[in-house]
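Dear colleague,

Please find the structure below. My notes on its aromatic contacts follow.

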Amino acid sequence: MFNRRKYLQGTALVGATAALAACGLDGGGGSGSSEGGGEGGPVPFTIYTARDSELAEKVVADFEAANPEWEGMATVLTLGAQEALERVRAEKSNPQGDLWWGGTRQQLSQGAADGILVPAPQEVIDAVPEEYRDPEGLWVGEMLLAELFMINTEMISGDEVPADWDDLLGSEYAGNIVIRDVEASGTMRAIYCAMIDRLYDDEGSAEAGYEWLRGLDANTATYAANPTDMYQRVSRQEAALSLWNLQDIMLQKNGDFPMFDAVVPASGAPMLVDGLAKIADGPGAAGADAFISYLMSTEVQTAMAEEYFQIPAIELDEEPQWLADLGLEEMELDWDRIAENEDEWIGHWASSIKGKG
């Protein structure tokens with residue numbers, strides 16, 4: 001059982017900010033912040049997010065309900081995590097966004113190195129364990145994201161379900177796998193890099209991993225343009241399964257796609273640090289600070305664990321029942337090696353493996 005993190009029992013998101021002052025997460029701190037959004041009052045701010053769109057909209061609505069002075073001030077733009085990184089890079093000379101919400105450790109670290117991020121509020125930095133944040137607080141981990149199998153239970157069940165990663169290369173799954181377009185997705189980039197890294201030490205190179213990805217490509221029916229496209233294809237039974245993150249699978253299972261289910265591979269699931277960052281010189285810095293402080297509070301993260309199937313990066317007290325029931329095991333990986341080689345590995349996959357199986 002995955003037991004690294006402890007949990008509190010859930011609470012409602014709306015109203016959680018009432019206790020933030022007691023937690024020390026009151027919306028202050030961070031570069032460019034000011035009480036109440038500055039002398040002229042709160043100003044609009046923009047969130048670039050790779051989070052599930054319904055989840056993001058709900059959290060923003062709860063933030064506004066708990067902080068009426070910010071009502072109507074947040075604009076949410078949904079992007080793939082890699083797309084968000086590239087957009088913030090492109091806008092460096094004239095920032096348009098204020099908060100990047102949803103990116104892997106690798107992507108956020110690249111943003112920090114590029115000088116496009118500034119520290120989160122200090123109270124938030126202090127609340128996140130050092131292993132789950134940038135040393136200077138230029139990004140902070142919000143949650144640990146498990147990567148595993150998403151299946152359509154109306155198509156496969158029992159012994160038909162792949163038990164482990166290598167089973168995906170079996171002939172019985174030929175044409176039965178849909179993959180979200182890899183290059184634009186932080187989730188898929190991490191999964192593909194994990195598949196390379198887990199085999200790296202066998203030969204001291206990426207070649208064994210590349211060969212594995214060739215086998216997966218041969219069994220892949222199509223590469224979906226975005227998560228919604230992927231969900232629809234699997235629900236329409238164009239394919240029986242996909243590879244995706246636990247949180248989004250659980251949200252879809254308990255939402256529009258009850259036929260979906262999450263399957264934990266026998267050898268374990270890659271566990272990503274997925275986080276957020278404040279964009280340097282954004283026009284709505286105070287709003288970014290206020291939202292970060294709200295989102296990363298103990299109360300809100302407790303509710304996110306219970307209501308939105310998150311594994312928070314901050315310390316809580318009790319494991320939620322849904323996670324205990326899943327029996328999650330973590331795959332051991334060299335995330336430093338992955339961060340160093342991600343662009344090269346994914347570039348090689350795109351140019352030499354994709355669509356050639």
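Is Tyr223 buried or exposed? Tyr223 is buried, with a relative accessible area of 19%; buried means under 20% relative accessible area, exposed over 50% and partly exposed in between, with a 1.4 Å probe and protein chains only.

This is a predicted model, in which local features need pLDDT of at least 70 and side-chain atom pairs count only at pLDDT 80 or more, while totals for chains, interfaces and linings use all residues. Residues are numbered from 1 along each chain as its sequence is written, and side-chain values use heavy atoms, with hydrogens and water left out.

The structure contains 13 aromatic pairs (rings of Phe, Tyr and Trp, the last by its six-membered ring, with centres within 6.5 Å; planes under 30 degrees apart count as stacked, over 60 as edge-to-face and the rest as tilted). The pair of Tyr223 and Trp349 is edge-to-face, because the ring centres are 5.6 Å apart and the planes stand at 70°. Since Tyr223 belongs to strand 7 (residues 220-224) and Trp349 to helix 13 (residues 335-352), the pair ties together parts 126 residues apart in sequence. Helices (H or I, at least four residues) and strands (E, at least two) are DSSP runs, numbered from the N terminus. Trp349 is buried, at 0% relative accessibility.

Tyr231 and Phe260 form a tilted pair, as their ring centres lie 6.3 Å apart and their planes are at 50°.

One aromatic cluster is formed by Phe45, Phe63, Trp70, Trp101, Phe291 and Tyr294.

With kind regards
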